[in-house]
Amino acid sequence: MSIDWHALLTVLAVTLVSTVGLVGVFTLGIVGLSRRAAGPAAALGRTGAWVCFAACAAAVVWGIYLIVQK
Amino acid sequence: MEHITLLIGIVIATALVFDFTNGFHDTANAMATTISTGALKPKTAVAMAAVLNLVGAFLSVAVAKTISGGIIDESAGIKPEVIFAGLVGAILWNLVTWLAGLPSSSSHALFGGLIGAVLVAAGTHGIHGDAVVMKVLIPAAAAPVVAGLAATLATRVTYRVGRRADPEATSRGYRAGQIASAGLVSLAHGTSDGQKTMGVITLTLITGGVLAPHSDPPLWVMVSAGTAMALGTYLGGWRIIRTMGRGLTDIQPQQGFAAQTGAAATILASSHLGFALSTTQVCSGAVMGAGLGRKGAVVRWGTAGRMVSAWVLTLPAAGLVAAGAALLADQGTWGVTAVAVIALAACAAIRSAARRKPVTHANVNEPVPGTPAAGPQDAVTAAIAAVTPPPPAPAPASGTAA
């Protein structure tokens with residue numbers, strides 16, 4: 001009987017990186033949408049925000065793919 | 001569907017009842033924080049979870065061929081009576097923990113019940129001790145830690161990065177984020193837990209000679225298992241939702257989003273990398289982690305302690321009930337009948353006890369009684385809670401006291 005430390009640590013690492021990454025990117029998106037001022041900076045912020053949200057949506061789609069494929 | 005004896009019919013019905021309790025026991029996993037932060041109205045949230053549970057049940061074709069992942073030796077003469085006794089143990093423990101409002105793992109209840117019943121019917125050689133440690137005990141210890149750590153860090157990050165975001169973008173953004181991540185948890189839950197019941201029913205049909213060994217579950221099994229679970233989910237285990245959404249800690253949208261994302265990531269990473277963790281323990285751990293991650297938030301360790309003791313008790317308690325049921329059921333037809341009657345009476349008693357202090361979609365977001373302020377910080381939180389406007393008025397009660 002041996003504990004599969006490798007699998008356990010892999011799960012820990014993957015979970016930490018994906019959670020913090022996803023939440024971080026999503027929050028950046030929210031920050032990007034927050035800049036109300038007009039002008040190129042605001043447009044840039046909005047564009048950046050939607051890039052962030054698109055990345056999160058892609059992560060969700062990948063998650064669904066993982067569920068289906070299993 | 002031919003030659004289904006009365007006994008097999010009873011086992012299938014019991015498996016569907018277990019599936020139903022599994023559904024309402026685990027609604028909280030996906031939806032507790034979504035409901036407590038007001039991202040979704042309670043009824044909408046459980047409806048969404050139910051639909052995604054149902055979809056999840058059909059998503060994967062790689063159905064578990066073993067009901068217990070090798071914990072019990074399924075070739076060691078497992079009779080329908082034994083599966084029946086195991087299911088009774090699991091159902092009763094699920095109902096008791098529901099009455100206490102404690103999120104405990106339905107899978108562990110099922111494992112515990114089957115282990116107890118097999119121990120009585122076939123002796124110790126029917127159990128693989130290594131598998132119990134590897135597949136139940138270690139994951140149970142790891143799940144809340146992994147998910148809790150992820151949620152703590154994610155909560156810190158989201159408060160830090162988002163500290164200058166304006167409130168309107170924040171509330172809309174986190175609302176959408178919470179709904180998406182809760183949906184992912186529901187989907188994953190439907191796939192993993194829905195398949196467990198399908199596995200139980202399929203194994204029963206095989207042991208009864210209705211299906212050939214190693215068969216895939218027939219369509220009617222998939223439909224009935226998925227539907228039973230979705231119905232249970234829709235009924236909503238409001239008691240457990242309240243504990244997870246309000247009892248453990250006070251959840252803000254940022255924390256709800258961090259917790260749900262952490263839970264979804266943990267479930268997907270662990271099931272994909274072959275170290276399956278209990279959904280319930282992952283989600284409760286993530287909620288506590290989110291509580292630890294926000295400055296000034298209070299984690300109510302008393303409630304957490306009661307929850308952890310329920311986790312520790314799940315396996316032996318469900319096992320003990322199932323062992324007793326297996327002893328009786330082994331006596332023949334009258335024994336099975338006696339177990340069924342006693343189990344039904346116990347369910348009715350628990351239900352009427354729950355009726356005395358009902359928790360419904362209407363009062364699910366009210367503070368949990370019996371979780372008093374533990375210190376000065378709690379008093380502050382309580383004061384803030386008292387002056388903050390309550391969430392939107394709930395829809396009129398329609399009598400689903402679950």
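In the predicted model, helix 1 of chain B and helix 6 of chain B cross with a right-handed sense. Residues 6-36 make up helix 1 of chain B, and residues 167-207 make up helix 6 of chain B. The axes of these two helices come within 10 Å and cross at roughly 165°. Angles over 145 degrees count as roughly antiparallel, and helix 1 of chain B and helix 6 of chain B are therefore roughly antiparallel to each other. Sorted by class, the residues in the contact between helix 1 of chain B and helix 6 of chain B comprise 13 nonpolar, nine polar and three charged.

Chain B also touches chain A, with 43 residues of chain B in contact with 33 residues of chain A. The residues on the side of chain B that touches chain A divide into 26 nonpolar, 14 polar and three charged.

Confidence was considered for the complex and for chain B. For the complex, the predictor gives an ipTM of 0.89 and a pTM of 0.85. The average pLDDT of chain B is 83, and 87% of the residues of chain B score at least 70. Over residues 372-402 of chain B, the pLDDT is below 50. This stretch of chain B has 27 contacts in the model beyond near neighbours in sequence. Where pLDDT is low, the predicted coordinates should not be read in detail.

Methods: Residues are numbered from 1 along each chain as its sequence is written. Chains are lettered from A and ligands numbered from 1 in the order in which they are written. This is a predicted model: local features need pLDDT of at least 70, side-chain atom pairs count only at pLDDT 80 or more; totals for chains, interfaces and linings use all residues. Axes are lines fitted to C-alpha atoms, for helices over the stretch in contact, and angles run from 0 to 180 degrees between N-to-C directions. Helices (H or I, at least four residues) and strands (E, at least two) are DSSP runs, numbered from the N terminus. Angles under 35 degrees count as roughly parallel, over 145 as roughly antiparallel, 65 to 115 as roughly perpendicular and the rest as oblique. A crossing is left-handed if the near helix is turned anticlockwise from the far one by less than a right angle, and right-handed if clockwise. Ala, Val, Leu, Ile, Met, Phe, Trp, Tyr, Cys and Pro count as nonpolar, Asp, Glu, Lys and Arg as charged, and the others, Gly among them, as polar. pLDDT is the predictor's confidence in each residue, from 0 to 100. Two residues are in contact if their C-beta atoms, placed from the backbone, lie within 7 Å.
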